[in-house]
Amino acid sequence: MLFLYNSTIAHRILSKYLTSSQQTLLGKQGVRDGEHFLLLRPKKYDVRRYDISFSDISMDQSYAIIGKIRSVSKRQIRRNLTVFSAMLMTKTDQIPIVWFNQKYLIEKLKHDPFVIANGKLDASQLSPAFQVSNFEVCSSFKVAGDGQIFPAYPDIKGVSNKVLVGIVKELLSTSDIVDLIPKELRDQEGLLSIKDALMAFHFPLNQRSLDDALKRLSFDEVFKYMYPRRDRHQKNKTTRSSVSISSDTALVQSYVNALPYALTHAQARVWSNICSDFQSNRSVFRLIQGDVGSGKTDIAILSLLACVSSGYKSAMLVPTEILAEQHYLKLLDRCSSLGVRICLLKGKQRKKERAEVLDALKSDGPLIVVGTHALVQDSVDIVKLGLVVIDEQHRFGVFQRQTLIEKSTIPPHCLFMSATPIPRSLMLTHYGDLDHDVIDEMPPGRLAAKTYFGKIQRLGQVHEFIRLALTSGRQAYVVYPLIEESEHLESLQAAVDGFEALQQVFLDCRVGLLHGQMSNDDKQRVMALFKANEIQLLVSTTVIEVGVDVPNATIMVIMNAERFGLSQLHQLRGRVGRGKDQAHCFLVADPKSVESRQRIKAMLNTTNGFELAEEDLKIRGPGNLLGTQQSGEIVFAFANLSNKPLIQRVVQCCDLVLKNPDRYRDIYDYFLQQSAVQAELLN
Ligand code: ADP
Ligand code: MG
């Protein structure tokens, strides 16, 4: 959080309240220093009440009642279980109470007559009573805090809540807390001072004051996460030395002229942003987000060509061999006639072919290489690498990206392409250090795929629908889920079985099968046949999930759709609707869980990837939205990542501070020092 405090004083306070064994115990739970205590989150808050009657107490609600104990009686149930019953005299009533053990209490009450009894109503007995889980004793109801709200911290064995409250109170009042956010900025953002916020966080006056406190703490939390990213972002822009690329070349022009269509406005805008980066000699470090089918490949190719015509190599990294093959063929088709050398590097490749490609990469001349993870291996040297395009970048880990980028002595320009629409808030948090563009427009004439949902019993109707489409020259996919590696074989079997059954259903049609276990040659053969409409109906596992582009295919049937995640469903649906004809997507599913129903409903409601991503965020939270490889470590204690305005405000504030270090000296220096400490740790 964005505050400083005096750690010597804090240390003294901790030693005053806690024995060293208690400190060890707390340390094990991650509560070690002053800051940990100041941010220790109450598991709930209790209103202390002196003015309360028995009839005010409702079931299932916990209370902290202040009163005096009278008429105690005790019963020994077992050797180590004693039940005490008594009356708790409040201002207005006497409340029957029970508690177990805690014999010491009776002795203590001789000095301090008042108690705060925490507990709940137990109505399971013949005569209902207030069952007390723990007591605090005090000398008067005023000291006890009548009417005030008190924190109940998580149970920590061996340390009472009262002690924790004492520590927090004293830390708040004596440890010299300094706010790093200047008043001017707090006022602008409507934030409490850190001291007020911490005070209200532990001892709120009401819900409103607690909300205000949490607002400030969330702000600080996101700010701390975001600031170094925005810092890196600015530095990348200004200091990354980079290859000089000219985008306005004959090669680029010829490509544009040869396209059978005009770029959409969105494509043109994104391309011109990339060009102006190139022109201004800044390095490109940009994420291009565009929904499935929005035409990201052309942007990638234009950039690759610009780089090649400036005398450098450019590389395109893709997640699957099928996709590598597809891009390679497209590049061969469109660019080799322009005199550009195109290479392909993938895992399984003939030795001679691979050696040739590796040699070419080591040579001085410009070329475009398309590759899978094979491109990232140590044995691959790329000389004069000017640009790296990473397609479907969400499928790669940060590490793989970095390895490729670092293959060159001069940092290459980097373009990241993603069809996984990420809600803007997450986007900013994850990619705060990247520029980004959105291709928010589809090529003209595209019709949104019509989506239907039905149980397996309706499959016959789906087949009829497919048959009609196939006879009129269209093509279709039927996809079976691949859930986890361990289930690999099972789902493979589902696809194989499905293939055999569908061959029987469509006796007079050409049905093909594609799955991950097939050899590369077989996969390529099947894809080529499908592209040429030699295969009309393609039965497949999820290997076709990303990137595959066969515009004549208009029907997508997703079997067991309840087993797919929302972004996968969206990607799969994106395989159709890539031409001018109306596309149809059938979700064949038997959703049993609430979540799977929500996913299917979302798919029926919209074809907009961004809306689906927002929905996904709501359904399963930010944790795994980006896939395990990237969701990584962001766990915020206070901030809610789907709070878009918050994230946007924070980004603006970070930028403001970075641009005006003199005006925001404290906070600027704080982060400077933090990064120095981190650099030292890394060395
Ligand atoms: P994605 O963004 O999913 O990678 P692609 O780049 O594969 O999309 O493009 C999808 C399809 O749209 C391709 O068949 C491509 O040729 C076509 N396409 C791309 N841009 C345009 C455009 N401006 N006008 C018409 N069709 C386009
Ligand atoms: Mg693509």
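## The pocket of ligand 1

Ligand 1 takes up the space of the second largest pocket. The structure is a predicted model, and the description below should be read with that in mind.

Around ligand 1 there are 19 residues. Gly-293, Lys-296, Thr-297, Arg-446 and Asp-549 are the closest of them. Among the structural elements, helix 12, which runs over residues 296-309, gives the most to this shell, with three residues.

## Polar contacts with ligand 1

For Arg-446, a polar side-chain atom is 2.5 Å from an oxygen atom of ligand 1. For Lys-296, the distance from a polar side-chain atom to an oxygen atom of ligand 1 is 2.7 Å.

Thr-264 takes part through its backbone: an N or O atom there lies 3.4 Å from a nitrogen atom of ligand 1. On its own, ligand 1 has 570 Å² of accessible area, and the protein covers 90% of this.

## Confidence in the model

How high is the average pLDDT of the protein chain? The average is 86, and 90% of the residues score at least 70.

Residues 623-633 form a stretch where pLDDT stays under 50. The model has 26 contacts beyond four places in sequence for these residues. Where pLDDT is low, predicted coordinates should not be read in detail.

How values were computed: Residues numbered from 1 in each chain as written. Chains lettered and ligands numbered in written order. Predicted model: local features only at pLDDT ≥ 70, side-chain atom pairs only at ≥ 80, totals over all residues. Heavy atoms only, no water. pLDDT = per-residue confidence, 0-100. Contact = heavy atoms within 4.5 Å. Near = heavy atom within 4 Å. Polar contact = N/O pair within 3.5 Å; in protein donor to acceptor, adjacent residues only side chain to side chain. Areas by Shrake-Rupley, 256 points an atom, 1.4 Å probe, with all protein chains shown as cover. 1 Å grid on protein atoms, 1.4 Å probe; cavity = no way out; pocket = protein on both sides within 12 Å on 5 of 7 lines; lining within 4 Å. Sits in = over half its atoms within 2 Å of the grid points. Helix = DSSP H or I, 4+ residues; strand = E, 2+ residues; numbered from the N terminus.
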